[in-house]
Amino acid sequence: MLKKFLPSEYVKSIYHIKAEELKAKGIKGIITDLDNTLVEWDRPNATPMLIDWLEELEQHNIKVTIVSNNNEQRVRIFSDPLRIPFIYKARKPLGFAFRKAIQMMGTTKDETVIIGDQLLTDVFGGNRSGIYTILVIPVANSDGFFTRFNRKIERRIMANFKRKGLIDWEDEQ
């Protein structure tokens, strides 16, 4: 059961995910979390660096859909200026929003990756849905109320993975 929380891949940030490498693996779509994955949970707009990363993905014909558990206003204010489709109140880790995002992008599970900063929502939901998952270090050191609770559980899961030799990258943080 715990292996459902183990990401397929781990990187320090989205900027370590290169469009040309995704394209070479046959990836045509990215489902990404918003808060503490793309930007800090309390930052309303994209940074110039994020805009450049998104443009690189677009140049490689890789579609992006934001799937967030946050409310419509938060996700819309961020996504609309970037013209990125989104799903709000996604209820991750349930799989409905992931399936809907894949349908919206016109990709398959094998052509899609999920990027997120949380084991309990992004990674668990993606793994349960049979989609390749990439865990990133949260971009902010602070979290909202529910995420702080999740982080406590995640630390225990990560410690368990480390003890069992399933991960060796936690120390890189």
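Helix α2 buries L50, W53, L54 and L57, where buried means under 20% relative accessible area, exposed over 50% and partly exposed in between (1.4 Å probe, protein chains only). These residues cover an arc of only 95° around the axis, which puts them on the same side of α2; the arc is taken from the directions from the helix axis to the C-beta atoms. This is a predicted model, so local features need pLDDT of at least 70, side-chain atom pairs count only at pLDDT 80 or more, and totals for chains, interfaces and linings use all residues. Residues are numbered from 1 along each chain as its sequence is written, and side-chain values use heavy atoms, with hydrogens and water left out.

**Helix α2**
- Helices here are DSSP runs of H or I with at least four residues, strands are E runs of at least two, and both are numbered from the N terminus.
- Over on the other side of α2, you'll find P48, D52, E58 and Q59 exposed.
- The cover over the buried residues of α2 includes α1 (19–24), β2 (29–32), β3 (63–67), α3 (72–79) and β5 (112–116), with contact meaning heavy atoms within 4.5 Å.
- Just after α2, N61 has a positive phi of about 60°.

**The sheet**
- Six strands make an open sheet, ordered β1-β6-β5-β2-β3-β4, with parallel pairing; two strands pair if DSSP finds at least two bridges between them.
- β1 (9–11) and β4 (86–87) sit at the edges with a single partner strand each, so one side of each lacks a neighbour in the sheet.
- β3 and β4 run parallel and are joined by two bridges.
- Opposite V67 stands I87 in β4.
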